[in-house]
Structures are given as structure tokens and as C-alpha cells.
Amino acid sequence: MAEDTRQDKRASFSITEHSANGMARTSAVASGKTGTSKKLVIKNFKDRPKLAENYTEDTWLKLRDAVGAIQNSTSIKYNLEELYQAVENLCSYKVSPTLYKQLRQVCEDHVQAQIHQFREESLDNLSFLKRMNRCWQDHCRQTIMIRSIFLFLDRTYVLQNSLLPSIWDTGLELFRTHIVSDSAVQKRTVEGILEQIELERNGETVDRSLLRSLLGMLSDLQVYKDSFEERFLTETNRLYAAEGQRLMQERDVPEYLHHVARRLEEENDRIVSYLDQSTQKRLISCVEKQLLEEHMTAILQKGLSTLLDENRVTELTLLYQLFSKVKGGLPTLLQFWRDYIKSFGGEIVCTPEKDKDMVQDLLDFKDKMDNVAQSCFARNESFINAMKEAFETFINKRPNKPAELIAKYVDSKLRAGNKEATEEELERILDKIMIIFRFIHGKDVFEAFYKKDLAKRLLVGKSASVDAEKSMLSKLKHECGAAFTSKLEGMFKDMELSKDIMIQFKQYMQNQSEPSNIELTVNILTMGYWPSYTPMEVHLPTEMVKLQEVFKLFYLGKHSGRKLQWQPTLGHAVLKAEFKEGKKELQVSLFQTLVLLMFNEGEEFSMEEIRAATGIEEGELKRTLQSLACGKARVLNKNPRGKDVEDGDRFNFNNDFKHKLFRIKINQIQMKETVEEQVSTTERVFQDRQYQIDAAVVRIMKMRKTLSHNLLVSELYNQLKFPVKPGDLKKRIESLIDRDYMERDKETPNQYHYVA
């Protein structure tokens, strides 16, 4: 039963396809009865219904009333959906062109009527701006509502006609044409905005949202650039030109720099808050030009020296950042920075009164400039290179002296008794000294003085640390090559060989039949490695002379053909002495030893007697007696008393001498290095340079055989490692010609030939 019902209810389905001309085609898909189909009859659509005679006019009146209500901010009588449908109906019956024109006219009439409210002269600028803003906001709101009603028109007819502006664009165009383009209205609007911006620049509070809205209006109406931006930039230019001139006179540089940074920050904030983004580049460029670019030289002349002298890191960083923004800023800063270093450094180097602190001042100055380059100038490679170039220039303004003082400074740091620094700090100091050392052209002057001081440290045992000495030596070797340090290394080698020789000598002495009461230690110095010392003949005790002969016999027995020359000026001894307080040991120089040993033979001696007995030169003897009778450890009494030793003074042994230590070191009164000594060291350097020039000339000529004067001088400048004047080179060439190492060309006097 159920099955029959299902079969009876079977229906037939069809798919209707609509063709382009409105006709339809039906095809059978399924049928209750197999093999049969139903015949369909296809008919055309009925005609489109016609509009009532007054429909278009009535509908427009209804729409016009609605637009008027929107414009006058009153309630709309009709339903918005109904109005939208009415517009759609009119558009469907091809009334769109008329509707568009009618809508435009209504809107235009309304906008034209608005102009009268801006003609009032009594309005102040701010009230005028507020009224303009209110009018613009109302116009935008009204246009949006009108467009929502006429949306079908906007999306069909207007969209299909590319020459017609949309309803929104029409609204903008009408506002621009009838209100903003009015010369009086535009002038007053722009002047009002500029007045508000000027007030804000002068520190007053203004309504930023009002400015943002009005400038947005000018931008939307596409008159921002022509009507506002040009005037605004001209006013900005004028304002900051005057401000820059005034503040450069009134304020100091740090204050001025902070003011410029604040002004730039304020202008950037204005762009974010209410100005159009397109103004940013020209506005910031204008501020930078008037406050910075126009005053770059004046800022640097007035304040760079002060900032660097006082190490004003914050302001220097700000100065670099600001100057990096303007054209030609960094090159100008770079030049002034270079000039400052040359000037300040030149004062350190070329002021003889500051010689005592020159090296420390140079190190401090270099540290300070390094810090400025790293922290303030963003590690700019150009600034670092300019600093190096400036240091090299000023440090060589005064030949030889900086090299000499650097050598003495190193000596003060490497000498025993320098408790200022730990090993790590000492290593750091040596690294800094090497940086200054690199700038020096006459490195051979440094070598001469360094060698002299190193000799003293090694021979008197005053070196603070062998590791530090060798570290300095390796630094010099790395900087100047093995040839530079070969003699210095030879000095260390001599000291080590001397230790080995003394071990052998002690064994030799043990085998002697007559052992000596004196324990002798000798340092054998190779003459070419060490500074040259002026030999001084003194009268040694017989036992010392005898021991010297024993050593001479021992040494020459091992090294035949060598010659020994004793240097008493470098000798020192430990003496055993008896005082009332008890026995003491005195650590003294050889000259002090000779004087003290005399008091084993007698109670009192005059200075003349001591000089005759010891043979010590007068100046040296006075210093020796002064150290024994006028210093801290007075083992001799001087009569008459006084700080200085004079001819005719008499000396006797101080039996009442007391000291808390058992072994007492009595320092020789240090004679400050005399001008003669300095001159002799410098002359020795000059002599060495002449030998080097001679050798270089011969070496070049031997290789080239024939060479012109200019090419020879050029080659010499490439090979020599010290500064030399062309006149000095010419003298050495003449000297070599005189000695037949080379000859002039007979036809071309400016040409030289090597003589084999």
C-alpha cells in the first residue's frame, strides 16, 4: 500500500535556461512515466509598467525636501529606505542625468549661501577659524548623509560616466569653489592658522584639534600646498632666521644647541599633530638651515674649544648629531676638530715650561680625544684618521724633545720603586705610550735616550720587572722592526752572559791559593750595544786593584784578543760598618765606597784631602760627600753644617749614626741630566744619522750605477726612517763625492755615477 502511494506522488522536474533575449528553454530531467515528456509553451515578458505622469516631479520634491532637511539639520519627514528606493526607481527609468543636475544645483545653492557668515568683519581670527571649522564639519556630515540617500545614483550613473565627479567629490568641489577659493576667506583662514602656529612656537597653548581639522580641510580640498604651505614655510624661514641671529648673540653654544634640538623636536611634533606629512622634509630642512647651516662656523668658533676643554660629552654628541643633518656640517666640524687638536697639542709640546708633564699631558689628551671620537662622534673613521694626522703634525713640531721625554717617561714607569701601577696597569700604560710613540718621526732619538736609561736600570738593578722590560722591548720590535731593538736585546744578553761568567769566576776563585775578603761581581758589557761612558780614573784600594787583575787574567784566559775597560762610575758595593749602636751594612756607590774607606785610616779629612786620595772629579766628589753627610742617612759629619758641600769643608765619621734597618741604601745625589749630556746624546744621534744617510746613498748608487740628483733624493726619503732636510742630504752626497764613492757626470752635473 505504502509503495503504491509513493509511486502515485512522483512528480516531474525541469530546468529552465534563460537566454539573452528573455526566451526560456525547458528540458525534461525526470518523469514519473518512462519515455514520455511534457510540452511547454514559451511566451515573451509583459511590457514594463509606465510611471505615473507626475511621479518624477513628485519624487524629486520629496528628495529635495529631504536634502533641505539635512542641510538645515532638521528631521526628515520620510523614511530613508523609502528615499533610497525612490532614487533607485528614478534611475531605473533613466532620469539619472536630470536627478544628478538637480542634486548638484541644490547643493551649490546651499554652499553659496554659506559664504555670507564669513563676511563679518567683527570676528576675531580664532572665532573665524572656529566658524570655518564648524561650517566644514557640517558640510562633510551633510554630504555623507546626502550621498547615503543618493548612493544608487552614485554607484550606477556617476560610476559609468568617468567625467562626472562623485557626490562626495562634488561636495568638495563646491566647498572649494564657493568658500575656500574666495580670496578674502582663504586669506583670513591661512593667516588665522599661521597666527595660531606662531603663538604655539612662542610657548602658548593652542587648540591643536582645530588646526588639524582646518589643515585637513585644505589638504582634502587640494589647496594645502598653494594656499598654505608656501606661506607657512616663508614665515617659518623668517622666524627662525631672526631667532638664529638673536640667540647666537645672547646664548652660549651648549644652550644654543639644546635650543636647536628642542625646536626640531617641536616641529616634528607639529607634523605628527596637525601638519600634512608632505611638509616634513621642507619644514625640517628650513629649521636646520636657519638655525644650524647659517651659523656652523660661528657655533664652532664660539664653542667647540670650550666643549672639548670641559669634556662636555652630552653637548658634543648633540653637536655631532645636529651637524650630521646639514649639508657640509660634518666636513666643517672635522676641520675645526683637527685644528683644535693641533693647537692644543702644539701648546703641550712647544711650551718648554710644561716639559716635566708633557708625556702625561699627551697621554691624557689622547685618552680624552679618543673618548670624544668613540662616544660623541659615533666612531666616525674620518674623525679618527683626522685625530691621528693632527697628533702626528703637532708632536713633530718640536724635533727630538718629545722622543727624549717619552723615553724618560718609560724609564720612570719601568724603574724599581714605581709603586703607582700593578703589572696589568703598567702594561696598559706601555700600550698607550706606544700609541704616542708611533706619531714620532725621529724614533732614533727615542732609542738613544731609552738605551741610556735602560743601561742604568740594568746595571744598578733598578728595573721594576724583567717581564715589563721585555714586554716593552717586544712592543718596540713589533713597531720598528728587529734592527731597531737589536742593540737593546744585546744589552739583556750581556746581563745574562755576565751571570754565567760570574758563576765560573766564583768557582775559579775557590781554587785560588789566596782567597780575597772582597766578593767581586762584574758585568761584561759589549761596547757596541751600550751607551758610551766617559772613562774616569780613580784611586782604588790595593786589594780591589789586585782583584781586578785576577778577574782580567781569568776572563782573557777564556776570551783571548778581547780588551777590558773598567767603568768605575757604574760600580757599587756593600760595606760592613760598626757604629755605637752596632753593626750595619751600607749599600753604596763605588765613589761613596772610596770616600768611606778613608775613615778606616783617619778620623777627619778635608774635601781637598779626600779628592787627592780618591782621584774623584770635583763635581762628582761634592755630590758623593753631600749624599753621605747631608742626606737622610748621615754616616759622616760635615763641618761647618749645611746642605751644600763647599771647598774647605771638613768631614769626620759619625759614630753616633742610628737607623732602624740593618742594611741601609745610601742613594747618590742624582745630578739632573745636564744640558751638555742632552746635547751630546742628540749629537750622537745626529752622527748616527749621517752614517745611515751615507750607507743608504752608497747602497742605492751601487744598485743603480747612474742616477739623477732628484731620483736619488726621492729614493733616500723612501729608505730613511727619520726626518731629514734636503740640504743635509746634499752635504752627505758632496762628502761621498769628495771621498770617491761616487762622481758627477762631466756633461750633466745633476747626474751621479757610482765609483766601484
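A residue is called buried here when its relative accessible area is under 20%, and the views below are taken from a predicted model.

**View 1. An aromatic cluster of six named residues.** Tyr340 and Phe344 belong to one aromatic cluster, which also takes in Phe365, Phe391, Phe394 and Phe439.

**View 2. Lysine side chains over aromatic rings.** Lysine 62 is placed over the face of tyrosine 78, at a distance of 5.5 Å from the ring centre. In a second example, the ring of phenylalanine 437 has the charged end of lysine 443 sitting over it, 5.4 Å from the centre of that ring.

**View 3. An open, antiparallel sheet of three strands.** The strands follow one another in the order S5-S7-S6, and their pairing is antiparallel throughout the sheet. Strands S5 and S6 form the edges, each of them pairing on one side only. Between neighbouring strands of this sheet the average turn is 25°, with direction ignored. Helix H27, made up of residues 618–629, packs on the sheet and touches both S6 and S7, and the direction of H27 makes about 110° with that of S6.

**View 4. Bridges from strand S7 to strands S5 and S6.** In general, the strands of a sheet pair through backbone hydrogen bonds, and the arrangement may be either parallel or antiparallel. On one side, strand S5 (residues 604–606) is joined by three bridges to strand S7 (residues 650–653), the two running antiparallel, and glutamate 604 has asparagine 652 of S7 as its bridge partner. Strand S6 (residues 636–639) is joined to S7 by four bridges, again with the strands running antiparallel. Among the residues bridged to S7, leucine 636 is partnered by phenylalanine 653, while lysine 638 is partnered by phenylalanine 651.

Definitions and conventions: Residues numbered from 1 in each chain as written. Predicted model: local features only at pLDDT ≥ 70, side-chain atom pairs only at ≥ 80, totals over all residues. Heavy atoms only, no water. Pairing = 2+ DSSP bridges. Axes fitted to C-alpha atoms, helices over the stretch in contact; angles between N-to-C directions. Contact = heavy atoms within 4.5 Å. Phe/Tyr/Trp six-rings, centres within 6.5 Å; stacked < 30°, edge-to-face > 60°. Lys NZ or Arg CZ within 6 Å of the ring centre and 35° of its normal.
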